[in-house]
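Open the model in your viewer and keep the selection panel at hand. This tour goes stop by stop.

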Amino acid sequence: MHPIFTTSSMIKYKQTTLRNGLTVIANRDTASRMAAVNILYKVGARNENPSRTGLAHLFEHLMFRGTENIPDFDTPVQMACGENNAFTNNDYTDFYITLPCDNIEIAFWLESDRMQWLNLSAEACEIEKRVVIEEFRQRYLNQPYGDLNMLLRDMVYTTHPYRWATIGLTPDHIADASLEEIRDFYRRFYHPSNAILSVSADLPEERVFELAEKWFGAIEDCPHKAEPIPAEPAQSEPRRLEVERDVPATTIVIAFHMGDRLSEDFYLGDITSDLLAGGDSARLYEHLIKGKKLFASVNAYISGDVDCGMFVFTGQLLPTTTEQEAETAFWEEIAQLQAAAISDYELEKVKNKFEANTLFGELNVMNKAMNLGYYSMIGDLPLINREVEIYRSLTKSQIADFSKRVFTPENSSTLIYRAK
Amino acid sequence: MIQPPLTVPASVYVQQAEQHKALNGTPIYVINCPEYEVVRLSFVFHAGSVTQCHPFVASATANMLAEGTQHFTAQQIAEQLDYFGSYFDINIDRDYAYITFCALSKFFQQTADVIEEVLLRPTFPAAEVEIYRAKRRQQLSIERRKVETIAREHFAKAMFGESHPYGISYPEEAYDTLTAEQIRHHYESRYTAENCIVVCSGKITPEVLERINAIASAIKSGEKGGVEAFPECQTTSQKVIQHDGAVQSSIRMGRMLFPRTHEDFVPMQVLSTVLGGYFGSRLMQNLRERNGFTYGVFSAMVNFQQAGYLALATQVGTEVTEQALDEIAREIEILRTELIPDEELALVKNIMAGEMMRILDGPFGIADVTTENILCGFDNSQIQLNLQRIQSTTPEELRSLAQKYLAPEDLVTVVAGDFQ
């Protein structure tokens with residue numbers, strides 16, 4: 001079968017590195033009147049100490065506490081008709097501002113200022129700690145299934161810091177973080193050579209570089225030796241955890257270790273998860289919800305982390321389904337993949353869908369700026385325009401091999417999250 | 001370094017929607033943005049939950065359009081859409097059902113084959129209805145374990161009355177008696193040319209428009225199918241709902257006002273933005289930044305076809321619920337007694353302008369705003385008028401609106417949490 005998608009658009013960009021080590025990437029978008037300015041710091045929950053988890057995320061919050069020069073970060077963004085936000089995950093912390101292109105320099109001014117002069121007063125830290133603890137309670141403790149992912153991580157990883165979620169292991173770690181620890185974190189991770197600035201706007205790339213030099217060029221770098229991150233040892237026996245909670249429906253999760261972001265495993269895992277759960281025509285939905293009527297909802301996904309990640313099956317049982325039936329159903333799906341029972345049409349479909357989603361994703365400046373920062377962070381910026389091609393090249397036998405290698409009982413962690 | 005200058009766009013240019021009429025009279029609105037290689041096509045029916053004769057039938061109808069048609073099974077529809085990388089989205093509110101399809105331009109015709117079936121020839125097979133009922137019932141029971149869901153549903157009841165079409169909510173068991181027959185009836189009576197508008201955006205070539213026209217012209221004519229006159233609202237001003245084990249309380253507060261067509265709607269939007277409509281809003285400053293009671297708080301004007309209200313929502317630690325309620329009351333009182341400082345009001349105006357610019361940056365956002373305007377009986381020149389109206393509000397005007405509309409005795413307060 002020939003691919004029906006013949007041309008795919010490319011994100012054009014130019015890249016430079018300032019003398020202090022700051023990476024700068026510019027994409028020109030002539031269709032938009034808005035500009036997106038993204039700054040990514042190469043620090044996430046995986047860089048945390050096991051006895052002080054949640055610090056990377058707490059720090060993301062602190063980045064909005066203002067400086068002596070700019071006491072309130074949000075107001076100038078908003079005066080410039082802009083909007084800003086941030087997120088933290090296990091691998092990195094990302095800050096972004098979108099605003100009318102005419103006001104783009106405001107974003108440079110703000111980001112360069114907080115890279116150097118952040119207000120880390122005792123008072124600011126205390127208030128932000130309380131906000132983060134409320135976030136912990138709202139999103140993880142006060143939600144049905146709120147602790148599910150925490151339990152899963154803790155079972156799948158014994159050693160690697162992916163063992164904990166970005167929010168941290170417990171609110172106590174956040175509550176007990178000292179001012180000195182917080183200040184040390186800032187020095188260690190928030191400096192030019194640990195950051196990537198990426199911009200998408202209707203501006204010549206050279207103009208973006210000039211602005212970067214003007215606002216960031218004079219910031220002194222203070223490089224720190226990266227602490228090694230402990231590798232996760234290979235798993236050799238099935239793991240299993242059963243818990244009971246006050247939820248309406250039992251959920252079953254089976255997770256497997258797989259390769260890292262730059263390995264072939266990433267693409268094989270991604271396409272396999274699309275075969276299983278990418279859209280309403282995908283296997284799990286058709287077979288297990290529609291066909292066997294075992295689940296109310298079902299999913300398969302990869303965690304997509306930089307270091308070796310997880311492939312996860314998850315399903316919420318209907319009241320009439322036994323746990324045994326549900327587990328067996330997942331393993332039967334796995335057996336089909338291992339036997340390469342995949343049609344050309346089906347494979348072509350998930351490839352087409354991947355390509356279309358990539359194109360839809362390139363419609364706005366924010367996504368582009370964010371993606372440029374991300375691909376630079378993983379260490380292979382040109383990959384941003386090669387993903388579709390790599391995805392296209394994958395074959396049934398590769399998917400079967402991947403499934404045989406990864407989906408084994410010895411490599412599995414099963415979580416039964418049982419409704420009381 | 002000193003702050004770079006910034007400019008505030010004096011106007012936001014939005015193209016008018018080009019108007020066409022299908023043979024059966026269905027209006028078609030076209031936003032042609034030929035620089036984007038995508039097509040988005042929405043059908044909006046006056047078929048929201050206020051028009052239903054049985055609990056959940058309006059949402060079931062919209063959600064099940066693609067679950068089997070005269071010529072395709074649910075699986076074939078999903079396959080076909082996925083194969084071409086197209087997708088569709090169902091949105092339903094109290095008044096309207098929005099059916100939206102997205103496709104890459106080069107696959108619009110193939111996607112249209114599916115759109116036609118989904119829209120014109122759904123069969124609502126009994127077996128699919130059964131799956132849908134079980135799935136949704138379970139989802140709803142999970143939702144109702146969350147304090148925010150409990151507060152939201154009780155707030156609507158408190159504001160409009162237990163059996164008012166805008167206030168009512170139904171027990172989960174009502175899903176068990178939902179039938180294919182009821183759904184078919186709802187479809188026949190509500191998905192008619194008289195109840196429909198079509199809005200498309202992206203690259204709308206003559207061939208694309210011709211096809212859209214053909215589909216719209218095939219929508220059956222029927223009766224306008226009015227909605228029974230709403231009963232008088234029965235407002236309860238205070239409600240406390242006990243939810244065992246909650247570590248946070250969900251608070252909803254607000255009052256009934258008027259729909260978007262009312263002259264005070266836009267200035268009340270300005271006022272609600274000052275109160276809680278952005279990250280640096282008064283409630284956010286107070287509850288989150290100064291007190292650390294909450295992860296977030298938000299307020300907005302909500303528009304229905306026949307009503308409108310102001311609402312604010314937050315989740316706070318159980319132990320600070322009373323204090324949070326006092327602080328909210330205090331912030332509202334300040335709006336009634338003091339003038340909003342000029343700088344703050346200028347900020348809010350810029351935020352609102354910026355929000356508009358961001359939404360309107362790209363074909364899909366323009367289509368959304370266009371749809372909203374049409375449903376209110378406006379055209380796109382309303383956007384500029386609204387911006388001018390925002391710009392012209394004064395501190396004096398806002399204070400007198402607060403005095404008029406936000407008297408403590410007129411507010412409805414609902415709190416869900418663990419108070420024992």
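**Stop 1: chain B as a whole**

Keep in mind that this is a predicted model. Switch to the C-alpha trace: along its principal axes chain B spans about 60 × 55 × 45 Å. Of the 420 residues in chain B, 48% are buried. Now draw the contacts between residues at least 6 apart in sequence: in chain B, 80% of these join residues at least 24 apart.

**Stop 2: strand β3 of chain B**

Select residues 38-45 of chain B, which form strand β3. How many of the residues of β3(B) are buried? The count is 8 of 8. Show the side chains. In a regular strand, side chains alternate between the two faces of the sheet. Look along β3(B): Val38(B), Arg40(B), Ser42(B) and Val44(B) point one way. Val39(B), Leu41(B), Phe43(B) and Phe45(B) point the other way. Both sets are buried, Arg40(B) included.

Strand β5 of chain B, residues 97-104, pairs with β3(B) in the antiparallel sense, over 8 bridges. Pick Val39(B) and look across: Ala103(B) of β5(B) stands opposite. Next select residues 196-202 of chain B, strand β6. The pairing of β6(B) with β3(B) is also antiparallel, over 7 bridges. Here Phe45(B) has Cys196(B) of β6(B) opposite.

**Stop 3**

Move to Phe56(B), in the loop between β3 and α1 (57-63) of chain B. Check the backbone: phi is positive, about 70°, although Phe56(B) is not a glycine. Is Phe56(B) buried or exposed? It has 23 C-beta neighbours inside 10 Å, so Phe56(B) counts as buried.

**Stop 3: where chain B meets chain A**

Show both chains. The contact involves 50 residues of chain B and 54 residues of chain A. On the chain B side, select α2 (74-83), α4 (126-143), α9 (282-290), β9 (294-303), β10 (308-317) and α11 (342-359), each of which supplies at least two residues. Colour that side by residue class: 23 are nonpolar, 17 polar and 10 charged.

**Stop 4: the two domains of chain A**

Colour chain A by domain: domain 1 covers 14-216 and domain 2 covers 239-419. Their C-alpha centres lie 28 Å apart. Between them, 34 residues of domain 1 are in contact with 24 residues of domain 2. On the domain 1 side, β2 (23-28), β3 (34-41), β5 (93-100), α5 (148-156) and β6 (195-201) of chain A each supply at least two residues. Which element gives the largest share of this side? β3(A) does, with 6 residues. By class, the domain 1 side divides into 19 nonpolar, 10 polar and 5 charged residues.

**Stop 5: Tyr145(A)**

Finish at Tyr145(A), in the loop between α4 (122-141) and α5 of chain A. Tyr145(A) is not a glycine, yet has a positive phi of about 70°. Tyr145(A) counts as partly exposed because it has 17 C-beta neighbours inside 10 Å.

How values were computed
Residues numbered from 1 in each chain as written. Chains lettered and ligands numbered in written order. Buried ≥ 20, exposed ≤ 12 C-beta atoms within 10 Å, placed from the backbone. Helix = DSSP H or I, 4+ residues; strand = E, 2+ residues; numbered from the N terminus. Pairing = 2+ DSSP bridges. Domains from an automatic or database assignment. Contact = placed C-beta atoms within 7 Å. Nonpolar A, V, L, I, M, F, W, Y, C, P; charged D, E, K, R; others polar.
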